[in-house]
Amino acid sequence: MNPATREKLMGVSVATLCSALFKRGLRNQTVQDVRPVQPKGRNMVGPAFTLRYMPAREDRNAMNVFRNPKHPQRLAIETCPEGHVLVMDSRKDPRAASAGDILITRLMMRGGAGVVTDGGFRDAMTIGGLEIPAYHNRPSSPTNLTLHEAIDINVPIGCGDVAVFPGDIMVGDDDSVIVIPAEIADEIADEAVEMTAYEDFVTERVKQGHTIIGLYPATDESNLTLFAEWRKVNGR
């Protein structure tokens with residue numbers, strides 16, 4: 001992805017991105033029921049690399065399937081490109097894990113920008129302590145083989161009721177995760193930076209005791225004049 005776009009998205013909230021996408025008619029881009037394993041105080045940003053699970057069938061999912069070097073779960077960890085976010089479709093079912101700490105550590109060491117599942121992670125406390133941002137529904141100790149079969153890599157998936165296409169831009173903050181269609185990521189990032197600057201100005205004004213009427217949104221033109229002055233002073 002464009003390095004400048006990545007940098008811009010590192011400094012904006014998922015909530016702000018939701019508003020920018022809503023203006024374009026995209027209302028269903030926030031991954032539902034997924035949250036940070038542990039807040040990092042910084043954003044996760046990167047193109048999506050996907051892994052799709054399907055319901056497990058007992059005759060196909062014995063422990064020995066992991067001996068296969070081309071097992072899709074293992075292969076996804078070993079082929080997710082540096083700077084990408086591994087996004088897993090676990091059918092919103094956290095009763096069995098999507099992955100555990102060893103695999104996520106390997107993803108981190110290979111330069112993965114983050115990992116997202118609409119299921120759960122085993123060894124979640126350990127994953128939470130890693131540097132890599134990780135998002136899931138809840139901790140889940142059973143192996144993925146219990147309920148899930150990893151079946152395909154880097155194909156369109158659903159994650160938390162959101163369509164995710166390979167290369168879509170994933171952004172996560174300490175609240176949630178959003179999916180930005182790749183073709184509009186640059187313009188969304190630009191708009192979100194502008195929105196964030198104004199929201200920071202508004203927050204400062206509100207803390208000084210000013211009303212939100214005419215300020216948020218800026219229906220009073222005098223507030224735009226004050227905002228322009230604020231930007232000069234603050235280098236925004």
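**Reading a predicted chain: helix α7 and its surroundings**

Q: Which residue follows α7, and is its phi positive or negative?

A: This model is predicted. In it, the residue that follows α7 is G235, and its phi is positive, near 65°.

Q: How many helices and strands does the chain hold?

A: The chain contains 7 helices and 13 strands. Of its 236 residues, 48% count as buried. The C-alpha trace spans about 70 × 30 × 30 Å along its principal axes.

Q: What share of the contacts between residues at least 6 apart in sequence joins residues at least 24 apart?

A: Contacts may be sorted by the separation of their partners in sequence. Among those between residues at least 6 apart, 76% join residues at least 24 apart in this chain.

Q: How may one read the length of a helix such as α7, and what span is expected for it?

A: One compares the distance between the first and last C-alpha with a span expected at 1.5 Å a residue. Helix α7 covers residues 221-234, which makes 14 residues. Its end-to-end reach is 20 Å, close to the expected 20 Å.

Q: Which residues of α7 are buried?

A: A residue counts as buried if its relative accessible area is under 20%. In α7 this applies to N223, F227, W230 and R231.

Q: Where on the helix do the buried residues of α7 fall?

A: The general idea comes from the helical repeat. An α-helix has 3.6 residues a turn, so residues three or four places apart point the same way. In the present case, the buried residues of α7 fall within an arc of 100° when seen down the axis, so they line one face of the helix. These buried residues pack against α6, which runs over 185-207.

Q: Which exposed residues does the face of α7 turned away from its buried side carry?

A: That face carries E221, K232 and V233, which are exposed.

Q: How many aromatic pairs does the structure hold?

A: It holds 5 aromatic pairs. To read one, one considers the distance between the ring centres and the angle between the ring planes. For Y198 and F201 the centres are 5.6 Å apart and the planes meet at 45°, so the pair is tilted. Both residues lie in helix α6, 3 residues apart, which is about one turn of the helix. Y198 and F201 are both buried. F201 also forms a tilted aromatic pair with F227, with 5.4 Å from centre to centre and 45° between the planes.

Q: Where does the charged end of R74 sit?

A: A ring may also have a charged group above it. Here the charged end of R74 sits over the ring of F66, at 3.7 Å from the ring centre.

Q: What kind of peptide bond joins Y216 and P217?

A: The angle omega describes the peptide bond. Between Y216 and P217 omega is about 5°, and the bond is cis. P217 is found in the loop between α6 and α7.

Q: Where do K92 and D123 lie?

A: K92 is not a glycine, yet its phi is positive, about 55°. K92 lies in the loop between β3 (85-89) and β4 (97-99). K92 counts as partly exposed because its relative accessibility is 45%. D123, also not a glycine, has a positive phi of about 55°. The loop that holds D123 lies between β6 (120-121) and α5 (124-128). With a relative accessible area of 36%, D123 is partly exposed.

Q: Which residues is R138 in contact with, leaving aside its neighbours within four places in sequence?

A: The partners of R138 are then P94, R95, G119, G120 and F121. R138 is placed in strand β8, residues 138-139. R138 has a relative accessible area of 36% and is partly exposed.

Definitions and conventions. Residues are numbered from 1 along each chain as its sequence is written. This is a predicted model: local features need pLDDT of at least 70, side-chain atom pairs count only at pLDDT 80 or more; totals for chains, interfaces and linings use all residues. Side-chain values use heavy atoms; hydrogens and water are left out. Helices (H or I, at least four residues) and strands (E, at least two) are DSSP runs, numbered from the N terminus. The expected span of a helix is 1.5 Å times one less than its number of residues. Buried means under 20% relative accessible area, exposed over 50%, partly exposed in between (1.4 Å probe, protein chains only). The arc is that of the directions from the helix axis to the C-beta atoms. Contact means heavy atoms within 4.5 Å. Rings of Phe, Tyr and Trp (its six-membered ring) pair if their centres lie within 6.5 Å; planes under 30 degrees apart count as stacked, over 60 as edge-to-face and the rest as tilted. A charge sits over a ring if NZ of Lys or CZ of Arg is within 6 Å of the ring centre and within 35 degrees of the ring normal.
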